Amino acid sequence: MDTAPGQPLDSTPQAPRKVRSLFLSDIHLGSRACRAEELLEFLREYEASNIFLLGDIVDFWAMSRSLYWPPAHNTVVQKILKKARHHVRVYLIPGNHDEALRDYVGSSFGDIALLRDHVHTTADGHRYALLHGDEYDQVTHYHRWVSVLGDVSYTLLVHVNRLLSLVRRKFGVSGHWSLADYAKRNVLRAVSFISDFETSVVHNVKKRGLDGVICGHIHTPAIKRIDGLTYMNCGDWVDSCTAIVEHLDGRMELVRWTQTSETSAAHAVAIAEAPAA
Ligand SMILES: [Mn+2]
């Protein structure tokens with residue numbers, strides 16, 4: 001194996017990083033766009049006491065269009081169920097792509113507890129609302145078919161992007177450029193979709209007297225202060241491969257699964273920490 005100068009060898013398996021909680025959303029198992037392999041590696045890197053799955057974990061919408069369920073998707077489910085059996089507390093808050101599960105909130109399947117809405121208290125005493133977020137998305141909320149349409153074109157976009165990055169790699173163009181990311185930034189920002197969403201989530205959580213919120217749904221990872229509250233979005237495992245991590249001391253961080261160079265293995269890299277209150 002070739003290693004770039006100054007790069008450490010990544011062949012030795014490292015001990016998992018111990019954290020208090022992992023927050024993941026928008027995995028979209030059952031859709032072609034799901035980055036299950038990367039997620040499996042990510043899950044191997046952490047040892048968490050709590051795992052919160054904040055919706056759109058299984059994409060029933062994609063599955064109703066065409067059945068796609070490769071072995072890696074099974075492995076993700078098995079790995080999570082196994083963790084739940086071995087004293088990791090696993091919670092699932094259904095999203096709009098797995099809304100069928102909302103009929104079962106309050107019960108649990110296997111060792112996974114299904115919740116509708118939950119308040120998580122961190123090790124340092126901050127209280128955050130956990131939710132998926134589709135109820136704050138005006139587009140999904142009022143025009144489900146528009147959202148299904150958007151979902152189809154988004155999946156298409158991710159495919160085109162895969163092709164593009166293959167071409168870029170072949171011609172030795174370095175760096176990561178995401179078409180879906182680009183389109184999201186430009187198209188969605190034009191209708192100020194993201195900021196509308198973030199503002200309305202925060203507005204609602206503020207009324208409840210909480211310190212902030214951890215959500216998903218819009219596939220835009222973030223950790224920032226909005227209107228005096230901490231707004232955190234897990235991102236997704238379709239495009240961004242990001243998660244929110246709570247460290248043992250309660251510190252909150254946004255991490256991205258990243259391959260740092262062509263030769264090294266991928267690792268979770270911290271992008272940003274929650275700004276001080
Ligand atoms: Mn969603």
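Colleague: What covers the buried residues of α1?
Modeller: Happy to start there: this is a predicted model, where local features need pLDDT of at least 70, side-chain atom pairs count only at pLDDT 80 or more, and totals for chains, interfaces and linings use all residues. Residues are numbered from 1 along each chain as its sequence is written. Helices (H or I, at least four residues) and strands (E, at least two) are DSSP runs, numbered from the N terminus, and contact means C-beta atoms, placed from the backbone, within 7 Å. The cover of α1 includes β2 (46-53), α3 (71-85), β11 (242-246), β12 (252-259) and β13 (266-273).

Colleague: Within what arc do the buried residues of α1 fall?
Modeller: In α1 (residues 36-45), Ala-36, Leu-39, Phe-42 and Leu-43 are buried, that is, with 20 or more other C-beta atoms, placed from the backbone, within 10 Å of their own. Taking directions from the helix axis to the C-beta atoms, these buried residues line one face of α1, because they fall within an arc of 115°.

Colleague: Which are the edge strands of the open sheet of five strands?
Modeller: Its order is β6-β7-β8-β10-β9, with mixed pairing, where strands pair if DSSP finds at least two bridges between them. Each edge strand pairs on one side only, which gives β6 (118-121) and β9 (222-226).

Colleague: What is the bridge partner of Ala-222 in β10?
Modeller: Strands β9 and β10 (residues 229-233) run antiparallel, joined by five bridges. In β10, the residue bridged to Ala-222 is Asn-233.

How values were computed: Buried ≥ 20, exposed ≤ 12 C-beta atoms within 10 Å, placed from the backbone. Contact = placed C-beta atoms within 7 Å.
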